[in-house]
Structures are given as C-alpha cells and as structure tokens.
Amino acid sequence: LLKFFRAPFFEIWRDIVGDRLEHYLSQSIKQDELGVSIKNTILSLSNASKKIAKSLAKNGLPENQLGTQVGDINSDGDTQKALDLIADEKIVTALKNKNVVAYFSEEQESALLLHPEGNLIVCADPLDGSSNIDNNTSVGTIFSILPRKTEVFEAEQLLRDALQSGINQLASGFFVYGPQTSLILTTGKGAAAFLLDKEEFFKMEWEPNLPTKASQFAINMSNMRFWSQRTRSYIQSCLDGTEGTFAKNYNMRWCGSLVADAWRIFREGGIFLYPEDKRDNYNEGRLRLVYEANPLSFLVEQAGGRATDGTTDILNIQPGSLHQRVPLIFGSEEEVIKYESLNK
C-alpha cells in the first residue's frame, strides 16, 4: 500500500503485469537447465549493455575521448577504437559465470575460455558501427548464443562449436545505443523489443513483425560502380518507381550503422543490402557470418522476414572460419525474393 502512494502509477502497473526482460525470459524459455542458462546469459548481456551505454554517453568529455583510435588492428583487420575494447571488456566481465564455456569476439583472435561446466557459446560484435561514435550516430552490440557440443574444455575444440550453422542458434539479438537504449531479441519463438528505463529493460507494446511487402531500401549508393549486375538491376528497378518493373515508388535510407539500419527495417519494413562487390576484400561480402549475419538473420526469420547471401539462406551456411565474411541481404520477404530472382 505504501508503494502505491509513493511510486508513479506506470511503475506500479509494470510491476503488476511483469513486462521486465527477466519476466519475459522466464515465460518464453523452458526453465530447465539449458533454459535457465540462456536466460541468465541474456540478462548478463543486458547488464553489460547498460554499462556500455553509460560509457558511450560520456564520450567526448575531456577525460573520455573514447572514439579515438587506439592504434591496434583487431582480428578482422579493422582499426580498434577505445570503446570497442571497453565494450568487449564489459561483456567478458558480465559473462564470467557458470553458464558460458567460451566467448568469441570480433575484437579477439580466438576463444576466451570462461567456465569448464558452461553449456553455452556466446559470439558477439561488442560495438557494431564504432566508426560512427564521434558522429553521435546509433551504434550497438550484436550477439549470438549457441549450444555447447564438445565436452572438451579447449579453445580449438570449442571453436568448432562456434562454427555451427546459424539455424542452431538458441537466441540472438542486438542492443542499440541511441536516443534510447533498446534491444531486439529472439529465443526462437518470435521476436520481441525492449527499452531500457533507468536500470531495467521493459518490453515494448510494438512487436517486430516484418511486413511481406515494403517500399524502402538501405544500401550504400556510393559503391554502385563496384556492384554486380544483379545489385545494379535491383536498385535501378527501385529507382524507376511506378514506371519501372516493380511499379511502385521507393525511399532510400542508409545510416552506415548495421544496428541502426536493422532497427529501422524491423520497425518499418524494407530491405537491407550489403552485397559482394569488385573491391579488394569485398568480393566475398563484408559482414561477418558468425558475429553479424547469423544473429541478425535469426531475428529476421523469427520476425517473418527473409535473410540470404543472394543464393543461400544465411542460417543454412556452414561457417568455415570464425571471421568469415558473407554478403547479407535481409528484410521483407517479397523484396528479398525479388533480389534473389535476378540473374547475377
């Protein structure tokens, strides 16, 4: 009764309906040993995200020039920012419990062994879009949770577990750090969206559910001269509007931050394209299968969309290496099918 008089009505209501992330996970995941591990691991990642968001909010202050390059090159060949490493460290700290046997990060060369009795593998891009940090553009954390297969507590053996096809994922999601700190998540039973309010993630009324049809595309147009004929043909058909083969007008959106572009696709529908092209190191695509394409594709399919490399469903690709790159086209099903139907 005392709580009723002291707390705002909305907070009381949230307590009653139980729309906190923890409550959602308890209801959506079977609470056996594996399910509890998945739940605890997602909550650990959410705790890390809160700390990452706070670090990002301080970037640019005299004592917090965190968007600057630290001079190192990560295992994927990209120059690391201070916040890349900070985000990675906060995730590692949060995952140090009995649930996770090994952590694989875009910022690290190989597995980080955590707990010998853990039954989960976590793969993550700790800070996607970090080149946008100083521009105050939304960035994020992408994660994938896989089942442990081997009983051996060795990095080389556990690497094989990290290289499972995306269809085997137990959960995936991404946090976005922008005007709001948000999360889109799947545990294999549809997708859900959450917002951080103070220290708790609460489920949004809106649920990610991609429309079959859409009229919005996201691609970096500056690379047009390097594209394949298929990509050129698809985008030209979009640009032709109602007079073209697609017979409708399209809008173009491009943030240059995968998580920001993905959130918009989940929210409004459309298609995201990061295809292969003729540039050096882009002929096999640019985005990482394990860290980016797989977790996003799992979410997309759970939200009723489609994700492909142009030929094969992303989730059916068998990873050959930890930092393997792939083309990634995802979004509203009809638009992705249109792209796939065009000749290369």
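Let's start at Lys338, which sits in helix 10, residues 333–341. Helices here are DSSP runs of H or I with at least four residues, strands are runs of E with at least two, and both are numbered from the N terminus. A word on the source: this is a predicted model, where local features need pLDDT of at least 70, side-chain atom pairs count only at pLDDT 80 or more, and totals for chains, interfaces and linings use all residues. Residues are numbered from 1 along each chain as its sequence is written, and side-chain values use heavy atoms, with hydrogens and water left out.

Back to the lysine. Is Lys338 buried or exposed? Lys338 is buried, because its relative accessible area is 17%, and buried means under 20%, exposed over 50%, partly exposed in between, with a 1.4 Å probe and protein chains only. What does Lys338 touch, leaving aside neighbours within four places in sequence? The partners are Tyr234, Phe246, Lys248 and Tyr250. Contact means heavy atoms within 4.5 Å. Take Tyr234: 104 residues separate it from Lys338 in sequence, yet the C-alpha to C-alpha distance is 7.8 Å.

Now the rest of helix 10. Its buried residues are Glu335, Val336, Lys338, Tyr339 and Glu340. Their cover includes helix 7, strand 13 (271–274), strand 15 (306–308) and strand 17 (328–331).

Next, how helix 7 meets helix 10. Two packed helices are described by the angle between their axes and the distance between the axes. Helix 7, residues 229–239, packs on helix 10 at about 135°, with the axes 9 Å apart. The axes are lines fitted to C-alpha atoms, for helices over the stretch in contact, and angles run from 0 to 180 degrees between N-to-C directions. The two helices are therefore oblique to each other. On that scale, under 35 degrees is roughly parallel, over 145 roughly antiparallel, 65 to 115 roughly perpendicular, and the rest oblique. Helix 7 gives Arg230, Thr231 and Tyr234 to the contact, and helix 10 gives Glu335, Lys338, Tyr339 and Glu340.

Ser332 is in the loop between strand 17 and helix 10. With a relative accessible area of 0%, Ser332 is buried. Beyond its neighbours within four places in sequence, Ser332 contacts Pro211, Thr212, Lys213, Ala214, Gly269 and Gly270.

On to helix 9, residues 289–302. How many of its 14 residues are buried? The count is 12, so helix 9 is largely enclosed by the rest of the structure. Among the buried ones are Tyr291, Glu292, Asn294 and Pro295. Just after helix 9, Gly304 takes a positive phi of about 90°.

Helix 8, residues 258–268, is a neighbour to look at here. The axes of helix 8 and helix 9 come within 12 Å and cross at roughly 10°. That makes the two helices roughly parallel. From helix 8, Leu258, Ala262 and Phe266 meet Glu292, Leu296, Leu299 and Val300 of helix 9.

Thr186 is buried, at 0% relative accessible area. Leaving aside neighbours within four places in sequence, its contacts are Leu170, Ala171, Ser172, Ala191, Phe298, Leu299 and Gln302. Thr186 and Pro295 are 109 residues apart in sequence and 9.2 Å apart in space, C-alpha to C-alpha.

Two loop residues deserve a slide. Lys198 lies between strand 9 and strand 10. Lys198 is not a glycine, yet its phi is positive, about 60°. Lys198 is exposed, with a relative accessible area of 62%. Ala247 is in the loop between helix 7 and strand 12 (251–252). Its phi is also positive, near 55°.

Last, the whole chain. It holds 10 helices and 17 strands. Of its 344 residues, 57% are buried.
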